[in-house]
Each structure stands twice: as structure tokens, then as C-alpha cells.
Amino acid sequence: PREYCELIRYLKDNTPGGDSITWSTHCHNDLGLAVANTLEGVMGGARQVEVTINGIGERAGNASLEEVVMALYTRPQVFPVKSLVDTTQITRTSRMVTSVTGMSVQPNKAIVGANAFAHEAGIHQDGVLKHAATYEIMSPASVGLKSTLVLGKHSGKAAFSNRLEELGYT
């Protein structure tokens, strides 16, 4: 990814009129680095990113819109740009694309996967109940979801007590 940042910066600095051009990224995910390369392109001066919902695309796919947007959203102190995407519509849009294309999203996919905000381990559940940011870098609501505490064999007393309270038992 650093190499991609340097390439964009070099092109911007060494192309006549480079400062007046809107530099763009278009990254494929062949090595699993499309999002990282896209973000490094932004650091190098790109101000347009070509991304796709759920990262769908040719071969291994393209940079994922939801991952790029939420990286910008959660780290405004790092990236010199701001996205105008309504992040609360990300999950809804992802599900619509899945419905139309028939291409399922893996459960552990960042941001929009079914398990992205699901917690079963007792220590995670306790941490989320006490201070959600302990285990969630962004709020589930920021992408149109809510956090889920999965009651299972790894759950602890905190999650069980919380569920009883939700059901009206004290």
C-alpha cells in the first residue's frame, strides 16, 4: 500500500498541471489489499475513489465502498478528506445489492457481515455492555445496524443478566 501512495504522489507532483487534476484510484482485491491501497491512494493525493458495494467486481473484486467510507468516517484525524455518504444506509444498500445480484456476503465481512457486530465471548459481551467502543470501532447504528449479544456456550453472566432484563425480568 505504501508503494501505491508514493505512486499517486509522484504522478500528482510530476505531471504538468497535476495539482488541477482529480486523481482517482481503482483497485482490485487480488492480494486482499484493495481497501488499503485505495486509502493509501487518498493519502497520496487521490480525491476520487472507485469502489463497489460489498467489494463485488471482476476476479477477486474491487475496493469495498463500506470499508473505505467507514475508514474515513472512523479516522478523520488520519485522512485528509471527508465522505458525503450517508453511512446509516450502508447496510440497507448492501442487502439490496445482495438481493439483486444473488451474491451473498460472508458472515464475517467487515461492516456489513451478519457477525460484524455480534458478540458471543463473555469478555467481549461484558466489555460491550460496559463501554461499546471497547470492542466496536464504530457504532452499529452508524451503518444502520444494532449490536447483538449472542447467548451461547461462551457467554457470561453479564450477557445473560442483560438478556433477562430485556425480557422484563429483574
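Predicted model: local features only at pLDDT ≥ 70, side-chain atom pairs only at ≥ 80, totals over all residues.
Helices α2 and α3 were examined as a pair. Helix α2 spans residues 34–44, and helix α3 spans residues 65–74. Their axes come within 9 Å. The axes cross at roughly 45°. Angles between 35 and 65 degrees count as oblique, and α2 and α3 are therefore oblique to each other. The crossing of the two helices is right-handed. On the α2 side, the contact is made by Val 35, Thr 38 and Leu 39. On the α3 side, Glu 67, Val 68, Ala 71 and Leu 72 take part. By class, five of the residues in this contact are nonpolar, one is polar and one is charged.

Ser 64 was considered next. This residue sits in the loop between β2 (48–50) and α3. Beyond its neighbours within four places in sequence, Ser 64 is in contact with Val 35, Val 51, Thr 52, Asn 54, Gly 55 and Lys 109. Val 35 also belongs to the α2 contact with α3. The side chains of Ser 64 and Lys 109 are joined by a polar contact of 3.3 Å. Ser 64 and Met 103 are 39 residues apart in sequence, and their C-alpha atoms are 14 Å apart in space.

Ser 94 lies in helix α4, which covers residues 90–101. Leaving out residues up to four places away in sequence, Ser 94 touches Ile 53, Asn 54, Val 105 and Val 112.

Conventions
Residues numbered from 1 in each chain as written. Heavy atoms only, no water. Axes fitted to C-alpha atoms, helices over the stretch in contact; angles between N-to-C directions. Helix = DSSP H or I, 4+ residues; strand = E, 2+ residues; numbered from the N terminus. Parallel < 35°, antiparallel > 145°, perpendicular 65-115°, else oblique. Left-handed = near helix turned anticlockwise from the far one by under 90°. Contact = heavy atoms within 4.5 Å. Nonpolar A, V, L, I, M, F, W, Y, C, P; charged D, E, K, R; others polar. Polar contact = N/O pair within 3.5 Å; in protein donor to acceptor, adjacent residues only side chain to side chain.
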